Amino acid sequence: MLKFTKNENGFTLMEIVIAAGLLGFLALAFMKYQQNQIKSTKTNINKTELNNYFQGMKAYMGKPGTCKRTFEKLGRLENRLIVEKILRPDGEAKYSLEEKVAGTNYILSSMYISDLFVNKIEDRELHRGEAVLNVELTRINNASYGAKKLNKSFEIDMYVDNENKISDCGVLGGLYLPLGPSVISNTQATNESQDDSSSESVSSADDSSSESLSSKDDMDKVFQRSIQEASQKTGQQISQEDIKKAVQDSPELQKAMESLKVLQESNKKMEALMNEEF
């Protein structure tokens, strides 16, 4: 057991060595706090930009000719049919898979059709129908909090021919459909349903903690490394029992440990809040 001899300033060598170790520990905790501040700002930006992106896509699909131009390239409509791009009048892509959403760390990872319903009426060449266009956005790095994948969707009104090929379509409520009674599902079975076509769902939990600097293992490693470096410089071998006794005997070290604990708890609460609100 080491002796805790006071130096001229009233501190033991043990206290000085442990204080040196705490400096590295504190630096890491404060760095994580700053990182949380940056990531929370980015998360708030993502919320705004992703909502604008989705609403812009929905509005663009509501423009005359856009839906027909996009869907008629797909041929026969069916559930789970992939939509690779939404087309401009010149045939070029306005929105396409794998493109990065401006101002965010998300990409447009998937678009596909679901909940396809068609009301087939004999002796008619065109039939009323509806479907849901699902939009999936994927986070490509850990620069922000939030779900790894976000799903949004909106409904489509349509005319289809006898082979379920698009004649005309538009966003729900944006296409005049005078043919026949309300749509009844009698030919197509859906593989999946959604309670709200404009809802947002989280498909996977945030995984940013896997690279977090605030994990207990990382903190412990930094503290132990700092203690070892200080021990080598002073020539003192320090055990866990020595550290525990020094902290118990020093009000200053106790306050430092308490401050670190508060900082760590603040980091955890901030991460949990941002992931929950996204």
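Some ground rules before you click. This is a predicted model, where local features need pLDDT of at least 70 and side-chain atom pairs count only at pLDDT 80 or more, while totals for chains, interfaces and linings use all residues. Residues are numbered from 1 along each chain as its sequence is written, and side-chain values use heavy atoms, with hydrogens and water left out.

**Stop 1: the whole chain.** Colour by pLDDT, the predictor's confidence in each residue, from 0 to 100. The protein chain averages 75, and 62% of the residues score at least 70. Select residues 1-6: pLDDT is below 50 there, and the stretch has 18 contacts beyond near neighbours in sequence (a contact means heavy atoms within 4.5 Å). Residues 179-214 are also below 50, with 92 such contacts in the model. Where pLDDT is low, the predicted coordinates should not be read in detail.

Now switch to cartoon. You'll find 5 helices and 7 strands, in the order α-α-β-β-β-β-β-β-β-α-α-α. These are DSSP runs numbered from the N terminus: helices are H or I with at least four residues, strands E with at least two. Of the 278 residues, 40% are buried; buried means under 20% relative accessible area, exposed over 50%, and partly exposed in between (1.4 Å probe, protein chains only).

Stop 2: Select β3 (106-119), β4 (127-139) and β5 (149-160). β3 and β4 pair antiparallel over 11 bridges, and β4 pairs with β5, again antiparallel, over 12 bridges. Pairing here takes at least two DSSP bridges between the strands. How many residues of β3 are buried? It's 13 of 14, and for β4 it's 12 of 13.

**Stop 3: the core.** Show side chains for Met57, Met61, Phe71, Leu77, Leu137, Ile156 and Met158, the residues with the most contacts inside the largest nonpolar core, which has 33 residues. Such a core is a set of buried Ala, Val, Leu, Ile, Met, Phe, Trp, Tyr and Cys residues joined through side-chain atoms within 4.5 Å. α1 (13-61), α2 (66-71), β3, β4, β5 and β6 (166-171) each supply at least two residues of this core. Zoom in on Leu137: the residues it touches include Leu50, Tyr53, Val101 and Leu108.

**Stop 4: the disulfide.** A search of the whole structure turns up 1 disulfide, meaning a pair of cysteine sulfur atoms within 2.5 Å. Select Cys67 and Cys169, whose sulfurs sit 2.0 Å apart. The pair links distant parts of the chain, with Cys67 in helix α2 and Cys169 in strand β6, 102 residues apart. The torsion about the S-S bond is about -115°, so this disulfide is left-handed. Buried or exposed, Cys67? At 1% relative accessibility, Cys67 is buried, and Cys169 is buried too, at 6%.

**Stop 5: Lys94.** Finish in strand β2 (93-96), where Lys94 is found. With 32% relative accessibility, Lys94 counts as partly exposed. Leaving out residues up to four places away in sequence, Lys94 touches Tyr60, Ile86, Leu87, Arg88 and Glu99. Draw a C-alpha to C-alpha distance to Tyr60: 8.9 Å in space, across 34 residues in sequence.
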